[in-house]
Amino acid sequence: MTRRWNACTVPALMMLRRLLQRSGRFVHALPLALLGLAPQAACTSASAAPTASLSVFRDCPDCPEMVRLPAGEFLLGTPKAIQVPTEIPAELEPLRVRVTRPFAIGRYEVTRAEYQVFARETARTGKAVRCRTWVEAVQGFRDLDISWDAPNVPAKPQGSHPATCIDWHDSRAYAEWLSKRTGQRYRLPTEVEWEYAARGGTSTLNHWGNSADDGCAFANSNDRSTAERYPLSWTLVRCRDGHADIAPVGSLKPNAFGLYDMIGNAWEWAEDCASLSYFGRPTDRRAWIWDGGCERRVQRGGGWITGPERSRAGFHGDGNADDRSDFAGFRVVRDLAADVPAPAEVAPAPPVPTVPVAVTGPVPALAAAASFRDCATCPELIAVPAGALSLGTSTDAYEHDVASGETPPINVRIRRPFALGRFEVTRAEFGAFARATAHQPRWPCTLDAASPPASPARCITPNDALAYLAWLSTQSGQRYR
């Protein structure tokens with residue numbers, strides 16, 4: 001019988017094979033049954049893959065500790081079959097992506113001690129920045145002008161705490177500084193790299209399973225420990241991780257890749273521009289960047305204040321690139337020797353114009369002509385030329401409270417001119433139709449005599465509108481819709 005093994009059992013096989021090779025034993029015919037692993041088993045816990053065989057390194061004594069991750073393939077996002085609350089439609093549009101080359105990612109979030117070296121060398125120490133932090137006097141979060149290393153949380157900071165109050169720009173500057181210092185290429189992770197690393201070879205909501213309430217051994221989120229100290233008004237994780245607020249890195253258990261705090265502790269910046277959809281994004285590990293950049297960038301993983309509705313590997317968060325808070329930090333990625341240079345790591349998305357509509361090509365003379373009517377009681381119309389536009393809105397200009405599908409914008413072409421009402425249909429125009437046809441609108445307010453004749457027709461149902469358009473078409477011999 002042929003046995004097929006999932007992403008969690010393969011690392012165990014490789015580790016055992018390497019150990020036996022080192023001891024000089026013959027391994028080519030090694031029976032898989034010796035491993036005691038179940039074929040096709042669901043990979044739902046961090047113990048499913050070994051951490052002892054990981055390749056861990058530093059490029060300098062005060063550089064972040066890095067973990068080498070293998071190439072692989074996974075599903076970016078959360079399948080719709082798994083019911084989860086989300087305000088970001090992209091998460092429920094899962095996309096199979098391939099990470100074709102190994103890369104290294106920070107074993108921990110960048111610590112205060114590591115960031116402090118950079119801050120001293122780049123004159124960031126003591127410089128006031130606007131950061132959202134907990135204020136005990138008001139029992140809530142406020143934006144204060146403070147130094148990056150002076151948030152009110154944690155109360156007793158240590159060098160091993162994550163560096164917080166760091167915006168996307170300074171996170172990226174730190175990676176560039178590391179690159180110059182070490183001669184290696186450091187950068188922020190792409191969204192694909194981050195989720196690939198956070199999943200650790202699993203396909204469940206989190207690397208420990210599908211329930212956030214089972215994750216307190218791995219994730220520092222808004223839990224019962226937090227609730228005892230902070231009066232936060234949103235849902236909490238129903239377990240206890242032992243940390244009321246942000247914890248020193250590595251305080252909890254790692255995932256199967258040996259990475260700590262991928263969920264919880266501090267939100268983490270990614271290189272990508274924020275988007276409400278994965279439509280059109282590359283199916284490899286590259287970052288998805290708009291031409292000309294963007295104001296909002298992806299943040300992943302949740303922080304110490306985050307509830308269960310966002311504490312999962314597939315949740316697609318974002319923030320303004322200038323945002324700083326005591327619950328957000330970052331970790332870095334380092335390319336390995338075989339990787340291609342920087343330009344190949346960025347996949348351009350369709351350009352978003354600064355003006356909502358861009359008309360292309362010569363504009364017909366009709367476009368500049370006066371408006372016209374097809375009959376005395378017909379609406380006044382304006383001719384609109386053919387052209388192209390970007391349909392939708394950049395995520396930068398849109399607060400995504402609902403799953404509208406408005407982002408990312410899609411480039412479309414209108415191939416033929418058309419005429420559009422110069423104004424909304426008026427009460428007088430709709431009234432002429434109603435009198436001529438004895439049409440009875442569903443709502444009395446449609447023909448409210450108290451409304452001025454030039455005011456917009458209101459209380460119009462779809463059936464009212466369709467009947468009016470059919471009458472206009474008959475009256476004028478033109479096609480109205």
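**Notes on the predicted model**

1. Cys216 and Cys239 form a disulfide, with their sulfur atoms 1.9 Å apart; a disulfide here is a pair of cysteine sulfur atoms within 2.5 Å. Cys216 lies in the loop between α4 (191–199) and α5 (224–227) and Cys239 in the loop between α5 and β9, so the pair ties together parts that are 23 residues apart in sequence. The link is right-handed, with 80° about the S-S bond, and both Cys216 and Cys239 are buried, where buried means under 20% relative accessible area, exposed over 50%, and partly exposed in between (1.4 Å probe, protein chains only). The helices (H or I, at least four residues) and strands (E, at least two) named throughout are DSSP runs, numbered from the N terminus.

2. On provenance, this is a predicted model, in which local features need pLDDT of at least 70 and side-chain atom pairs count only at pLDDT 80 or more, while totals for chains, interfaces and linings use all residues. Residues are numbered from 1 along each chain as its sequence is written, and side-chain values use heavy atoms, with hydrogens and water left out.

3. How many disulfides does a search of the whole structure find? The search finds 6, including one that joins Cys60 to Cys63 with an S to S distance of 1.8 Å. That link is right-handed, with 100° about the S-S bond; Cys60 is buried at a relative accessible area of 15%, and Cys63 is buried at 0%. Another disulfide joins Cys375 to Cys378, S to S 1.9 Å, and the torsion about its S-S bond is about 95°, so this disulfide is right-handed. Cys378 counts as buried, at 0% relative accessibility.

4. Helix α3 (residues 168–182) has 15 residues and reaches 21 Å from its first C-alpha to its last, close to the 21 Å expected at 1.5 Å a residue; the expected span is 1.5 Å times one less than the number of residues. After α3 comes Gly183, whose phi is positive, near 80°.

5. The buried residues of α3 include Trp168, Tyr174, Trp177 and Leu178, but also Asp170, Ser171 and Thr182. Their cover includes α2 (112–121), β8 (186–187), β9 (267–273) and β11 (296–300). Helix α2, for its part, has 7 of its 10 residues buried, so it is largely enclosed by the rest of the structure; Arg112, Glu114 and Phe118 are among them, and what covers the buried residues of α2 includes α3. Just after α2, Ala123 takes a positive phi of about 60°.

6. The largest nonpolar core has 41 residues, of which Leu69, Phe74, Phe103, Ile105, Phe141, Leu259 and Trp304 touch the most other members. Such a core is a set of buried Ala, Val, Leu, Ile, Met, Phe, Trp, Tyr and Cys residues joined through side-chain atoms within 4.5 Å. The elements that give two or more residues to this core are β2 (66–69), β3 (72–76), β4 (95–99), β5 (103–106) and α4, and the largest share, 5 residues, comes from α4. A second, separate core of 28 residues includes Trp148, Ala163, Tyr174 and Ala175.

7. Leaving aside neighbours within four places in sequence, Phe74 is in contact with Leu95, Arg96, Val97, Val99, Val192, Glu195, Tyr196 and Arg199, contact meaning heavy atoms within 4.5 Å.

8. An open sheet of 5 strands has the order β1-β2-β5-β14-β8, with antiparallel pairing; two strands pair if DSSP finds at least two bridges between them. The edge strands, each pairing on one side only, are β1 (56–57) and β8. Strand β8 is joined by 2 bridges to β14 (residues 333–334), where Tyr186 has Arg334 as its bridge partner.

9. Not counting residues up to four places away in sequence, Gln158 touches Arg112 and Pro248; the C-alpha atoms of Gln158 and Pro248, 90 residues apart along the chain, are separated by 7.4 Å.
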